[in-house]
Structures are given as C-alpha cells and as structure tokens.
Amino acid sequence: MRHIISVLMENEPGALSRVVGLFSQRNFNIESLTVAPTEDSTLSRLTVTTLGSDRVIEQITKQLNKLIDVVKVVDLTEGEHIERELMMIKLKATGQMRDEIKRTADIFRGQIIDVTPTTYTVQLAGASDKLDAFIDAIGTSGIMEVVRTGVSGLSRGEKVLSL
Amino acid sequence: MELLSGAEMVVRALKDEGVEYIYGYPGGALLHIYDALFQQEDVKHILVRHEQAATHMADAYARATGKAGVSLVTSGPGATNAVTGIATAYMDSIPMVVITGQVMSHLIGEDAFQETDMIGVSRPVVKHSFSVQNPEDIPGIIKKAFHIAESGRPGPVVVDIPKDMTTPTERYPYEYPASVKLRSYNPVSRGHTGQIKKAMDMVLSAKRPVIYSGGGIVMGDASNELTELAQMLNVPVTNTLMGLGGYPGTDRQFVGMLGMHGSYEANMVMHHADLILAVGARFDDRVTNALDKFCPTAKIIHVDIDPAAISKTIKADVPIVGPAKSVLSEMVSIVKASKKQIDKEALDAWWQQIEEWRTRHGGRFRTDDSELMKPQQVIEMLSKVTNGDAYVCSDVGQHQMFAAQYYKFNKPNRWINSGGLGTMGFGLPAAMGVKLNFPDADVACVTGEGSIQMNIQELSTISQYDIPVKVICLNNQSLGMVRQWQDMNYESRHSQSYMKSLPDFIKLVEAYGHVGMKVDKYEDLEAAMQEAFSLKDRMVFMDIAVDPFEHVYPMQVPRGSMRDMWLTKTERT
Ligand SMILES: Cc1ncc(C[n+]2csc(CCOP(=O)(O)OP(=O)(O)O)c2C)c(N)n1
Ligand SMILES: [Mg+2]
C-alpha cells in the first residue's frame with residue numbers, strides 16, 4: 001500500500017543524507033520525497049511517499065525514529081489527512097490546441113503561468129492522482145516538460161506534527 | 001575559563017570522559033592532536049600497525065567492559081582502514097567512538113590529498129556521526145558521541161575533525177559538559193509494566209517455555225537478572241552466539257547455543273516450545289533458519305531496547321521495548337509476588353524430553369577418524385586449563401564455532417567475537433585490547449591459520465607494549481569453514497579454500513620476540529597449554545595441527561526449520 005510518512009528532523013548538515021541513505025540501505029522504496037525548513041529554523045520537515053506491506057512500513061517508521069537527527073515521525077495515511085503536490089507542465093500550444101489546453105486546465109483548476117506563441121506552462125496543485133489525471137487528459141504527445149514537487153501533507157483537524 | 005586549542009580539547013575531553021587508552025595511528029590531519037597527546041600523560045596512546053586493529057582493540061575493550069572504546073585515525077586511508085572495524089562494532093551493537101582526522105575545512109570537496117568523505121563512507125555502519133565545524137564545539141560533540149555510543153542500543157560513533165579545527169595557536173574556552181540532552185534522542189529507560197505483566201502471565205501458563213537470550217544481556221549488564229528469573233522458573237535457557245556467558249554455561253538449565261551451529265538440544269527445545277521469551281536477541285537469519293518454518297507452536301515475547309529489532313523478522317505476540325536489566329528485574333518481582341505458579345508437572349515432562357535430546361547428541365564428536373587431533377579437543381583443553389575463566393577472543397571460521405560450542409562460559413563479557421559481521425582478523429587485536437585493560441586475566445585468541453594472517457602485523461604492537469596474549473591457532477591448513485560448505489554443497493570442489501605456503505608461524509613469532517609452540521599430538525597438548533599460560537609475561541603462539549577434514553556440527557539444513565540439522569557428515573534429523 002502507498003503511505004505518506006512525515007518526518008520532523010534537525011536542520012543539520014548530513015541529516016537528509018542519513019534519511020535517504022536509510023531507504024537505500026534497507027531496500028525501502030521511495031516514490032517521492034520533499035524537504036524544507038519549517039517555521040522553526042532548527043527543524044526541517046520531510047515527506048516521503050513509499051510503497052510497502054504493513055511490516056515494511058512499520059520498519060520504515062521505526063528505523064527513521066532511530067536516526068539521531070529525527071525528532072518525530074508520523075504515517076499520515078494512518079488517519080485523515082490532506083495531501084498536495086504541485087506540478088508545472090510545459091505544453092506545445094499552437095492553433096486549436098491553445099483553446100483545448102485552456103479548457104482542460106480550467107476543468108482541473110490549473111493556471112496558465114507562462115505563455116509564448118507556441119507554448120503554455122500550466123501550474124496544477126492537488127493530490128497526485130489528480131495530477132496524473134491531467135497528464136492523461138492532455139495526452140503525452142503535447143507534453144514538453146513536467147516537473148512535480150512530490151507530495152506534502154498533514155493531518156486533518158487538531159492533530160499536528162511538532163516538537 | 002581555561003583556554004585550549006582544538007587539539008588540546010580533544011585530548012582533554014577524552015581524559016574528562018575517563019578514557020585511559022586510545023588506539024590509533026597518526027597522519028597529516030592528526031598532527032596537531034598527536035602533538036597535544038605527546039604533552040600529557042593521562043590518555044595513553046597505543047600505536048597499532050594497521051588502523052583496523054585500532055578499531056578492534058577499542059571494540060574489544062567495550063565488549064569486555066561495556067564502556068565505549070576509542071580509536072584515533074587519520075583522514076583518507078587511515079579512516080577507510082578503520083571502516084571494517086566500525087562495521088564490526090555496528091553489527092554487534094558495540095559502543096565505540098572513532099575520531100577521524102579530516103583535511104582542512106576549506107579543502108573539503110576539492111579531492112585534496114588524503115581526503116575521504118568519512119561521514120559518507122561510514123554512514124551505513126555508524127549509530128551516528130559528527131563533523132566538527134567550530135573548535136568550540138569539540139567538548140560538546142565528544143560528550144554527545146560517548147552518550148550516543150553507550151546508551152540505548154549501543155553502537156559506534158564517528159567524530160570527523162578537519163585539521164584547522166585543531167590549530168594549536170587558536171585557543172577557546174574549554175568546559176566539559178556534565179551531561180547531555182538531545183531532544184531527538186531519548187532511549188527508553190524501562191519497559192511497559194502492563195506488557196511485562198501480560199508477558200509473565202503467559203510465561204506462568206506455559207507448558208514448554210524457553211528463554212532465548214542474546215548480546216543484549218551481555219552489553220545490557222543483565223546476566224544476574226536473567227539467571228535469577230530462569231532459575232526461579234526452572235525453564236531452559238539458550239544463548240545466541242553473542243549472548244554466550246549471559247547465562248552460566250555449565251548450569252543444568254543451559255541447553256547451549258542455538259541456531260545454525262547451535263546444539264541439537266537447543267534447536268529442538270526452540271522448535272517444540274510453546275513459549276519463547278526472547279531477551280536482547282534479534283531473531284537473526286543465523287538463528288531462525290527459514291522464517292516460515294520457525295517454531296510453529298510458540299507464542300513469542302520479545303524484549304529489546306531497540307523497537308526496530310522487534311517484529312523485524314519474526315512477529316512478536318508481546319513486544320516489550322526496554323533495557324533487559326530493568327525489564328528482567330521487573331519480571332523477577334512479578335514472579336515473586338504472583339500467586340499463580342508455573343505448571344510443575346508440565347515442566348517436569350518438558351525437562352524429561354530435554355534430557356532425552358541431550359543424551360541423543362550432547363555435543364559428541366568423533367576422535368577415531370583421524371590421526372590428528374580434533375579442534376574440539378583443543379577448545380575443551382583450553383576450557384580446562386583456564387578453568388573456564390579466560391577471556392576468549394575469537395576470529396572467524398570453524399574454530400570460532402568450536403570455541404562457542406566447547407568453551408563453557410560462566411561469566412558475561414568473556415566471549416569476544418565478531419558475530420554479526422564475521423570479521424576475520426578480529427581475534428588478535430581484540431585479545432590485545434582486552435589484555436591491555438585486564439593485565440592479570442588469562443586472555444586467549446582462538447584463531448585459524450587463515451584469520452590470524454589478516455592482522456598478523458599486530459605481533460609488532462604486542463612487542464612494543466608487552467601485551468602477553470596467548471594465541472591458540474587451530475591450524476587445519478585450510479579456510480575450514482569455506483571448505484566445509486564446499487564439501488557439503490559443491491561436491492568437495494575446494495576452490496581457493498586451502499592455503500599453500502603457510503609461513504612457519506614459530507619462526508615468525510620468534511622474529512617479533514615472542515614464544516612459539518608447535519603441537520602435533522593430543523598427548524602433548526595439555527602440558528604445552530599449561531606452559532603457555534604459565535608464561536605470564538610472554539606472548540605465546542600455539543600452532544596446533546588439527547584434523548583438516550573436520551566439520552562443524554550440528555548444522556542446520558538450509559531453508560529448513562530450527563530442528564532440521566545435520567548431526568554428523570552422514571546423519572540428519
Ligand atoms: C574478512 C573476511 N573475509 C572472508 C571471510 C569468509 N570466511 C569465513 S570463515 C573463512 C575461513 C577462515 O579460515 P581460518 O581462519 O583458517 O578458520 P577455519 O575455518 O579453518 O577454522 C572465510 C574465508 C570472512 N568471514 N571475513
Ligand atoms: Mg583454517
């Protein structure tokens with residue numbers, strides 16, 4: 001099953017490489033990974049999406065917790081949560097394709113953030129499957145470039161991941 | 001406050017941490033630190049002949065005392081030479097602080113002379129690592145390094161120090177912190193009482209219980225608590241390779257080591273148990289054999305300080321995260337206070353069954369199929385001559401398994417071997433590390449003619465510091481363990497498993513100023529060994545010719561259950 005694991009860790013040199021190294025060392029899968037500092041500059045928040053059986057996910061959270069730099073770990077998919085990913089996608093846009101892209105972007109609540117006579121760049125945020133659906137709808141032939149941030153997420157309601 | 005240079009701080013912090021010996025080898029990046037070492041007498045430095053040996057010496061000191069050993073190696077090749085030793089400690093959860101020199105900060109990343117990214121290279125084999133960025137941080141980092149290495153599930157910590165952090169002319173206020181607090185690291189100090197109660201209820205209801213204990217008992221100083229609990233309940237105890245000595249080896253309740261080369265009775269007990277109380281052990285693949293066939297009738301209670309060790313390979317029915325010592329003593333109190341008693345009748349029947357298994361095999365081996373003496377006989381003799389009281393530091397191979405099977409360890413911290421990584425070359429430096437710190441104890445290195453040559457250069461260190469260890473070399477003229485697998489799985493095609501042109505070990509050790517003894521006949525063994533151990537202040541190398549065709553048995557059948565074993569070359573369970 002797919003899991004979204006959120007990690008709060010010391011904003012120290014080497015901390016990220018320890019987390020990434022752990023995944024390759026123990027043969028854990030990484031689908032996507034994002035990391036950035038938080039409002040507290042001594043802490044970074046990392047989100048990793050991974051696939052694995054319950055046993056593997058249990059090992060991942062335990063092994064992450066063992067890292068000295070890691071302050072807290074939560075598997076967001078265990079409870080109600082919100083997830084978002086940002087995508088920017090550069091598309092060939094000439095002739096009637098321009099209208100077509102515009103319409104599809106509107107349906108997906110995307111924004112066109114860069115325009116040239118021959119291209120559109122669309123920005124889209126949402127759950128990863130929504131981004132996938134947009135790509136399907138557009139069709140691969142018109143796609144020039146795709147960049148995705150990977151998933152970030154948090155729990156719904158009062159529940160927070162903090163010190 | 002006192003002003004010290006970074007180099008002086010390193011040495012002072014070690015002194016303030018109570019370190020007596022460090023093991024190391026100098027080099028460019030460490031010159032400031034070596035100069036600071038020269039100008040004091042509290043921290044004594046042992047100059048090895050290869051950095052791997054420095055780490056094994058520090059590691060063995062830790063295994064014998066429970067305190068972190070320290071080694072000091074230079075950047076680049078010094079650091080990479082230390083990696084095997086760090087990995088060895090990591091796999092067996094041994095506390096160690098390894099200080100590595102590094103090139104000047106401004107050169108890092110430029111492929112400078114003797115630059116290696118040691119933080120990167122060591123990352124998968126350390127508990128944690130630090131890279132010093134400001135000289136003022138040195139005391140705090142060293143304090144943290146010891147704290148992390150020794151607490152929780154112990155392990156090696158690397159402290160990488162760029163040369164410009166130790167410049168002698170730049171001085172900073174020095175204060176060694178009395179304690180450390182890390183917001184992201186808080187090892188548990190006791191187990192969950194509810195879980196412990198539940199576990200004891202299960203133990204008291206069991207009909208065929210067994211205690212399976214490992215290195216966590218030895219490093220967690222929980223041997224007394226384990227022994228008390230086991231004896232109150234009258235349940236059988238088996239130890240892992242790492243746990244030997246955690247329960248007295250000559251006690252009736254001890255059924256021997258378990259696993260791949262475990263005793264017949266230990267593996268049978270495990271397979272037929274209805275309850276396994278695992279303490280400080282990790283269900284590793286050399287113990288469990290095939291996971292899907294592991295102990296089909298047993299409920300499992302797993303006590304470990306490391307939550308990640310629990311249910312990693314075998315699912316625990318009752319997980320208990322906590323230090324072995326405190327959890328076991330809570331268990332003892334619960335049993336003492338409990339009205340419920342363990343089922344005596346069931347237990348009697350269980351013991352009767354165990355005694356039958358014992359008589360069936362009981363560690364017997366043949367002596368009549370070879371002119372040469374048997375390696376097992378040598379270990380039995382070692383056990384006799386040293387009254388089962390020596391520190392036995394082993395290398396890796398058949399001799400290691402024979403030592404584990406036939407030396408009867410009655411005390412913890414006496415059996416010192418590389419269990420997890422299986423590092424050939426560990427034995428001699430390990431014995432040196434122990435002997436240096438326990439000068440009055442008998443310290444033996446049990447080795448093979450293959451393993452000993454992996455760190456033989458340390459004979460020179462032994463001369464320099466007078467470290468009179470006794471080397472018991474079971475010379476079977478082959479890489480015996482490899483050969484055994486080739487015999488069993490490759491129709492005896494002995495690909496690269498025997499060594500032509502072995503050195504004359506006697507002449508070799510004599511060249512270093514030590515005593516060599518060659519023993520070919522069993523009749524001569526006892527007297528020779530007595531003599532070796534009576535030479536208290538000499539290093540003695542016993543080159544003992546043993547049967548090259550001997551195999552280690554029992555041996556679990558690959559992909560079988562615990563009870564599927566070869567008992568001899570021709571007999572299977
Ligand atoms: C550094 C290292 N290289 C290779 C091995 C694989 N290995 C395990 S046992 C063994 C043979 C050891 O030979 P020896 O020391 O003579 O012991 P014996 O088995 O003959 O008693 C080898 C090569 C190892 N464990 N460590
Ligand atoms: Mg050999």
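In this predicted model, the area buried between chain A and chain B comes to about 1700 Å², and carbon and sulfur atoms account for 45% of that area. The contact draws on 22 residues from chain A and on 19 residues from chain B. Between the two chains, 10 residue pairs are counted in polar contact, with both residues of each pair at pLDDT 80 or more. Two salt bridges are found across the interface of chain A and chain B, and a salt bridge joins the side chains of Glu10(A) and Arg183(B), with an N to O distance of 2.7 Å. On the side of chain A that touches chain B, at least two residues each are supplied by helix H1 (15-25), helix H2 (54-66) and strand S4 (70-75) of chain A. The greatest contribution to this side of chain A is that of H2(A), which provides six residues.

Aromatic contacts were examined next. Over all chains, the structure contains 11 aromatic pairs. One of the pairs is formed by Tyr247(B) and Phe254(B), whose ring centres are 6.3 Å apart and whose planes meet at 25°, so that this pair is classed as stacked, planes under 30 degrees apart being counted in that way. Both Tyr247(B) and Phe254(B) are buried.

A further pair consists of Phe365(B) and Tyr406(B), and because its planes stand at 85°, with the ring centres 5.4 Å apart, the arrangement is edge-to-face. This pair links distant parts of the chain, since Phe365(B) belongs to the loop between helix H13 (344-360) and helix H14 (375-385) of chain B, while Tyr406(B) is in helix H15 (residues 398-406) of chain B, the two being 41 residues apart. With a relative accessibility of 22%, Phe365(B) counts as partly exposed, whereas Tyr406(B), at 9% relative accessibility, counts as buried; the cut-off for the buried class is under 20%. Elsewhere in chain B, ring pairs connect Tyr212(B), Phe283(B) and Phe294(B) into a cluster.

Charged side chains also lie over aromatic rings in chain B. Lys44(B) is placed over the face of Tyr21(B), at a distance of 5.3 Å from the ring centre. In the case of Arg572(B), the charged end is positioned over the ring of Trp566(B), 6.0 Å from the centre of that ring.

Notes
Residues numbered from 1 in each chain as written. Chains lettered and ligands numbered in written order. Predicted model: local features only at pLDDT ≥ 70, side-chain atom pairs only at ≥ 80, totals over all residues. Heavy atoms only, no water. Phe/Tyr/Trp six-rings, centres within 6.5 Å; stacked < 30°, edge-to-face > 60°. Buried < 20%, exposed > 50% of the residue type's maximum accessible area, 1.4 Å probe, protein only. Helix = DSSP H or I, 4+ residues; strand = E, 2+ residues; numbered from the N terminus. Lys NZ or Arg CZ within 6 Å of the ring centre and 35° of its normal. Contact = heavy atoms within 4.5 Å. Buried area = accessible area lost by both parts, 1.4 Å probe. Salt bridge = Lys/Arg side-chain N within 4 Å of Asp/Glu carboxyl O. Polar contact = N/O pair within 3.5 Å; in protein donor to acceptor, adjacent residues only side chain to side chain.
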